[in-house]
Amino acid sequence: MSRAGVYLIYGLAALALVAIGLFAGRFVLYLTMRVMLLAIFALGYNLLLGRTGLLSFGHGALYAAGAYGLGLFNLHVSHDPLLGLLVGVAFAALIALIIGFFCVRQTEIYFAMLTLAFGMMFFSLIWNLREVTGGDDGLIGISRAPLLGLPIGRDYQFYFLVLACFALAVWVIHRIRGSAFGLVLAGIRENHQRTSFAGIPVKNYRLAAFVVSGAFAGLAGSLATLLESNANPFSAHWSHSAEPVLVSLMGGLQTFSGPLVGSVIFVVLREVIERFTENWMLWFGVILLAIIMGLRGGVMGGLEKRLGRARAARPGGAS
Amino acid sequence: MLESFVHVCLAGLSKGMFIWLVASGLTLIFGVLGVLNFAHGSFYMLGAYFCFSLLSHLGHNFWLGLILGPLFVCLVGYVVERYFLRYVYHIDLPYQLLLTFAFVLIFDDLVKVVWGAGSIGSPSVAGLSGSVRILGRLFPSYSLFIILVGPLVALGLWGLLEKTWAGRIIRAASSDREMASALGVRVPALFTAVFVFGTWLGAVGGGLAVPYVGLLTPGMGESIIIDAFVVAVIGGLGSLKGAFLGALIIGLLSSFGTRFLPTFDMFLTFILMAIVLLWRPQGFFGEEAAR
């Protein structure tokens with residue numbers, strides 16, 4: 001696809017999102033917000049999985065760090081949503097720094113198991129420190145005060161804050177991928193030994209990728225807390241970390257737009273399946289199975305391959 | 001004081017042996033196939049539900065259910081390995097893990113469809129339902145039974161792997177897949193056999209869980225699989241000896257944690273896992289170089 005074509009598609013998507021905010025009903029608004037939150041989570045996560053090649057089971061904890069960071073700040077310090085978001089993201093990044101410092105010493109399955117261990121430690125703290133975190137009830141009664149004088153109490157108002165954060169996240173992650181930093185990460189994925197022979201401190205880069213993706217998980221978590229006005233302890237559970245993996249995988253791991261498309265598919269599919277049956281996990285598992293067995297590049301990977309094939313068939317069509 | 005100490009130890013031992021029953025299959029499968037199988041917890045759960053169902057159909061003969069139930073689960077394991085897992089051995093780790101995770105989602109919901117989403121109370125076993133008096137306090141005799149079964153399973157596995165012809169082939173294939181294949185071992189068939197055997201171990205663990213846990217819930221596999229992961233990792237992925245020791249340690253740690261530090265019970269388990277992974281990623285008995 002040509003550059004102009006890509007910009008056209010992103011432009012149209014942005015227009016559609018604004019239009020949804022202005023004209024859509026509550027249900028569509030809510031769904032679209034969930035899609036955007038999931039997309040922020042997955043885009044950040046994919047910086048680690050798709051770019052750096054590290055599989056983390058600790059991102060649920062980082063998401064929860066954002067959620068509880070904002071929640072506790074909101075309940076005990078100030079209702080200001082902007083400050084709250086900053087606190088949530090900063091807290092998630094701090095936790096990511098601590099967890100990541102230990103985890104990046106190992107790779108592959110050992111990295112995955114370490115992130116699982118640290119993530120579950122965080123979960124156990126949230127679960128057991130009832131006085132602070134509310135235990136299994138979570139944090140409730142988080143309010144949406146006006147942001148810089150603009151009311152965000154109602155969904156159609158809050159929507160534009162989510163949209164702004166979403167746009168910011170997409171832009172920043174896109175920039176990161178194209179930057180020298182992002183290219184080094186891809187180098188680490190392809191061959192970490194060679195990258196380190198080139199004089200690059202691989203561990204530091206891995207840690208940086210972990211913290212950045214953790215910060216985005218935190219952003220998604222704190223926005224979700226504002227949206228639902230509560231923080232849920234199960235968001236810290238390791239199984240929640242599987243969600244961005246599924247989303248990235250459905251959309252396509254190696255593509256930038258993969259997690260975006262995957263998030264739309266995930267949320268919409270879930271809604272549709274839940275209309276027909278209570279057992280949406282069953283169908284979801286079947287779909288996941290089909291993706292892994294057959295369509296390993298995800299939807300966007302498959303699409304890209306098809307477009308590439310068409311281009312190759314047309315002489316001189318490559319751009 | 002002493003009685004309480006002994007009882008906490010016994011509770012820890014029975015919990016540890018119980019985790020071992022599940023972790024042994026997981027470890028065997030990882031050691032030979034190199035796949036970390038999330039669905040192992042589901043096999044455990046299926047084992048429990050199948051045994052439970054057979055119990056009510058077979059006139060409440062627990063032992064008959066324990067023999068027949070896991071065989072059904074083996075069939076499930078066969079299908080999973082033969083028609084799905086086999087095709088992802090050569091691809092990246094995330095895909096393998098996710099494939100087994102997909103089966104977790106499927107089996108969890110299937111159990112809900114077949115047996116209902118609520119918990120089911122499980123029956124007790126004739127002859128083992130009472131308690132024994134140890135140092136003046138009562139201890140459930142079924143837990144004592146589990147403490148005995150654990151080492152028996154370990155002994156059986158050791159004998160199978162070290163003393164039999166089949167065990168020698170399994171060890172050969174696990175240390176060098178290609179060489180074993182060159183020497184005429186039908187590696188794909190062997191992998192299927194090992195996977196089915198591992199599945200059987202998990203399902204038997206589930207069957208034995210029926211009287212032990214008291215309640216059957218559709219999510220029961222997910223909670224045990226994490227304990228089994230911890231144990232397998234601590235002992236050294238792929239090492240049965242390590243998994244046995246790891247299970248003892250985790251069982252005792254969790255039992256003492258529950259007794260003396262209830263707030264940090266779960267925390268202790270995971271911090272131990274993290275420390276072992278950082279200090280010795282290959283675990284207690286893992287091979288030298290981390291893969």
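In chain B, strands β2(B) and β3(B) form a hairpin with 2 residues between them, and B:Leu135 in the turn has a positive phi of about 50 degrees; helices (H or I, at least four residues) and strands (E, at least two) are DSSP runs numbered from the N terminus. The two strands, β2 at residues 131–134 and β3 at residues 137–140, pair in the antiparallel sense over 4 bridges, where pairing requires that DSSP find at least two bridges between two strands.

The model is predicted, with local features requiring a pLDDT of at least 70 and side-chain atom pairs counting only at pLDDT 80 or more, whereas totals for chains, interfaces and linings use all residues. Residues are numbered from 1 along each chain as its sequence is written, and chains are lettered from A and ligands numbered from 1 in the order in which they are written. The predictor gives the complex an ipTM of 0.81 and a pTM of 0.84. Chain A averages a pLDDT of 83, with 92% of its residues scoring at least 70, pLDDT being the predictor's confidence in each residue on a scale from 0 to 100. Among the elements of chain A, helix α4 (residues 81–103) has the highest mean pLDDT (92) and helix α14 (residues 298–313) the lowest (61). Over residues 315–319 of chain A the pLDDT is below 50, and beyond near neighbours in sequence this stretch has 3 contacts in the model. For chain B the average pLDDT is 82, and 93% of the residues score at least 70.

Chain A contains 14 helices and 2 strands. Its radius of gyration is 20 Å, close to the 20 Å that the globule rule gives for 319 residues, so chain A is as compact as a globular protein of that length; the radius is taken over C-alpha atoms, and the rule is 2.2 Å times the number of residues to the power 0.38. Along its principal axes the C-alpha trace of chain A spans about 65 × 50 × 40 Å. Buried residues make up 50% of the 319 residues in chain A (a residue is buried if 20 or more other C-beta atoms lie within 10 Å of its own, exposed if 12 or fewer, and partly exposed in between, with C-beta atoms placed from the backbone).

Chain B has 11 helices and 4 strands. The radius of gyration of chain B is 19 Å, close to the 19 Å given by the globule rule for 291 residues, so this chain too is as compact as a globular protein of its length. Of the 291 residues in chain B, 49% are buried.

Between the chains, 32 residues of chain B are in contact with 31 residues of chain A, contact meaning that the C-beta atoms of two residues, placed from the backbone, lie within 7 Å. The elements giving two or more residues to this side of chain B are α4 (93–115) and α11 (265–279), and α4(B) gives the most, with 15 residues. By class, the side of chain B that touches chain A has 28 nonpolar, 1 polar and 3 charged residues, where Ala, Val, Leu, Ile, Met, Phe, Trp, Tyr, Cys and Pro count as nonpolar, Asp, Glu, Lys and Arg as charged, and the others, Gly among them, as polar.

Of the 193 residues in the largest nonpolar core, A:Ile40 and A:Ala117 touch the most other members; such a core is a set of buried Ala, Val, Leu, Ile, Met, Phe, Trp, Tyr and Cys residues joined through C-beta atoms within 7 Å. Helix α10 (residues 202–228) of chain A gives the most to this core, with 15 residues. Leaving aside its neighbours within four places in sequence, A:Ala117 is in contact with B:Phe270, B:Met273, B:Ala274 and B:Leu277.
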